[in-house]
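Hi,

Here is the structure I promised to pass on.

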Amino acid sequence: MTAVDTAEGPAVHLDSARGWVTACGAAIVVMAGFGSIYSFTAFANDMAEEFDTGLGPISIVFGITVFLYFGSALVSGRLYDRFGIVPLLIVGGALFVGGLVATSQVTVLWHGYVLYGVGLGFGGGLFNAPLFALTATWFDKHRAMAQGLVATGSGLGTMIYVPFAQRLLAEYGWRVGMRWLAVIAAAILVFGLLVIRQPPRTHVGSPRRHLSLVVRTATFWQMGTSGILFTIAVIGTIGLIIPFSIDDGVAELAAGWLVFVVGLSSIVGRLALTSLARPLGSIRLLKIAFGGLPVAYAIWFITTRVDAPGTKYGLLVVFAAVLGVSYGGFVALLGDVTAYLFGLANIGAVVGIFFFFSGTGALIGPPLLGFTHDASGGPGVPIFMVGVIALAGVLVLLPMTRHPLALPTYIGPGGMPSPTPPPTAVAPRPLAPVRSPGTAPVPGTARSMQRPPLTASTTASSPAPSAIPRTRPLHDGLVVAMSRPRSAALQDAPPSVFWPVPDEAVSPNGQS
């Protein structure tokens, strides 16, 4: 049993079978969301030909969609904290399915910006980030693994949907293909409503004050900035990997299988890295996952300088595998790291802000790569540029702390802080009786209130009275801490002040 308490009693729901069922349902819904959106990369070339545009204008559709998909979490996180997951699944799901159907009817490209962007982007964003926040509140010991399971949904979507969209494109064209995706998404969202449940309400501190303290920390901005740079690179790549590969001489079907490799390896990265979170620490693994991204882009850049088709495609498969492991591990660990560093108070809003940062990067990435490709006449320059951006993100994230932030409202995965024991009652000191003015003092009263003088003989021969309690002197460190301002003392306080857990249960990150 954990230390976290619900409004009704001990939180026995944590790490329960009901929580795992909810996590599996959330993973399937996330699969439908990411898969439908990432299928755009299979339709991009045909849409560009039909609307007579380059990759730059077409990539804006994808950029707006992913921006709203992540960025709307700024709103959906707060809505989740207030209303729960069910209303968001209903409203968001209706917008998502309607956006796919409406986009299949457009005759002007800018209509796709609105319908595909608002429908799939904003509609899907209403339930995407809350599903990750919801999963975090169902788990304690296995939070990282559960978050990895939900994040696996995006990898499954990339792996399954893009080849399936290519098959639909070949058989029916991109318009009918989108309608089929709408039918599948509707069925999955109904299934999600049947299996996803809200956990019992937990006491998690003061949400409003907690959020204001979180956004003032340097750690928050390190994670936010690195998230923007990460998403510029990854989302831009996923959106344009097929057109870039075709332009570099790879067959269309073979280029589509690269996206399958990205999805498959991202699942491996999610499950492998989250399974190592307890022994190695989620924050350390998050940095390692991000560090693989510049390596992937270095391999991709080398492929543009290779002429042999077999060698080129082999290197592209290696690039896709490294990209997938890095992408999958980073996304899967992000939720656990957020809960560990900042606590569970108002976690929906905190996760929502980080998703908004990711959405900002998604808005920049695809158009940046698409227009750079059109201007330079090939994929080499945009690949080199995105590799530099990924390296900058690694340098921002590396110095980030591996310990929970010393916030006075922090309540971390270990549960509620132990209550402060009440002070021991001390018997009041006897007072001299009050006498009226002009009366003589009671004999012996004044002497009884005075301590007898100590002499060398009495101190040597008589032991100290047992009735006088001994006082332990203050520790030097405590004296220094008491003399400092409260804010400074909290900043340097050990995590155990805010999150008391047994020493033997602490991992290299301090996680229980």
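Below are the overall picture, some helix pairs and a couple of residues.

Before you start: this is a predicted model, so local features need pLDDT of at least 70 and side-chain atom pairs count only at pLDDT 80 or more, while totals for chains, interfaces and linings use all residues. Residues are numbered from 1 along each chain as its sequence is written, and side-chain values use heavy atoms, with hydrogens and water left out.

The overall picture

The protein has 20 helices and 0 strands; these are DSSP runs numbered from the N terminus, with helices being H or I of at least four residues and strands E of at least two. Of its 512 residues, 52% are buried (buried is under 20% relative accessible area, exposed over 50%, partly exposed in between, with a 1.4 Å probe and protein chains only). Among contacts with a separation of 6 or more, 85% are between residues 24 or more positions apart (a contact means heavy atoms within 4.5 Å).

Helix pairs around H16

Start with helix H13 (residues 282-303) and helix H16 (residues 380-397), which pack at about 160° with their axes 9 Å apart. The axes are lines fitted to C-alpha atoms, for helices over the stretch in contact, and angles run from 0 to 180 degrees between N-to-C directions. H13 and H16 are therefore roughly antiparallel (over 145 degrees; under 35 is roughly parallel, 65 to 115 roughly perpendicular and the rest oblique). Their crossing is left-handed, meaning that the near helix is turned anticlockwise from the far one by less than a right angle, with clockwise being right-handed. On the H13 side the contact includes Phe 290, Pro 294 and Trp 300, and on the H16 side it includes Phe 384, Gly 387 and Leu 391. By class, this contact of H13 with H16 has 14 nonpolar, 4 polar and 1 charged residues (Ala, Val, Leu, Ile, Met, Phe, Trp, Tyr, Cys and Pro are nonpolar, Asp, Glu, Lys and Arg charged, and the others, Gly among them, polar).

H16 also pairs with helix H10 (residues 218-247): their axes come within 8 Å and cross at roughly 155°. That makes H10 roughly antiparallel to H16, and the crossing is left-handed. Gln 222, Leu 229 and Phe 244 are among the H10 residues here, and they belong to a set that meets H16 residues including Pro 382, Ile 389 and Val 396. The contact of H10 with H16 divides into 12 nonpolar, 4 polar and no charged residues.

H10 packs with helix H15 (residues 347-376) too, at about 35° with axes 6 Å apart. This crossing is right-handed, and the contact of H10 with H15 has 16 nonpolar, 10 polar and 1 charged residues.

Leu 286 sits in H13 and is buried, with a relative accessible area of 1%. Beyond its neighbours within four places in sequence, Leu 286 touches Phe 330, Leu 333, Leu 334, Val 337, Leu 397 and Met 400. Its C-alpha is 8.7 Å from that of Val 331, which is 45 residues away along the chain.

Thr 137 is in the loop between helix H6 (109-136) and helix H7 (143-172). Thr 137 counts as buried because its relative accessibility is 19%. A polar atom of its side chain lies 2.6 Å from the backbone oxygen of Leu 134. Not counting residues up to four places away, Thr 137 touches His 13, Leu 14, Tyr 80, Pro 199 and Ile 347.

Cheers

How values were computed. Polar contact = N/O pair within 3.5 Å; in protein donor to acceptor, adjacent residues only side chain to side chain.
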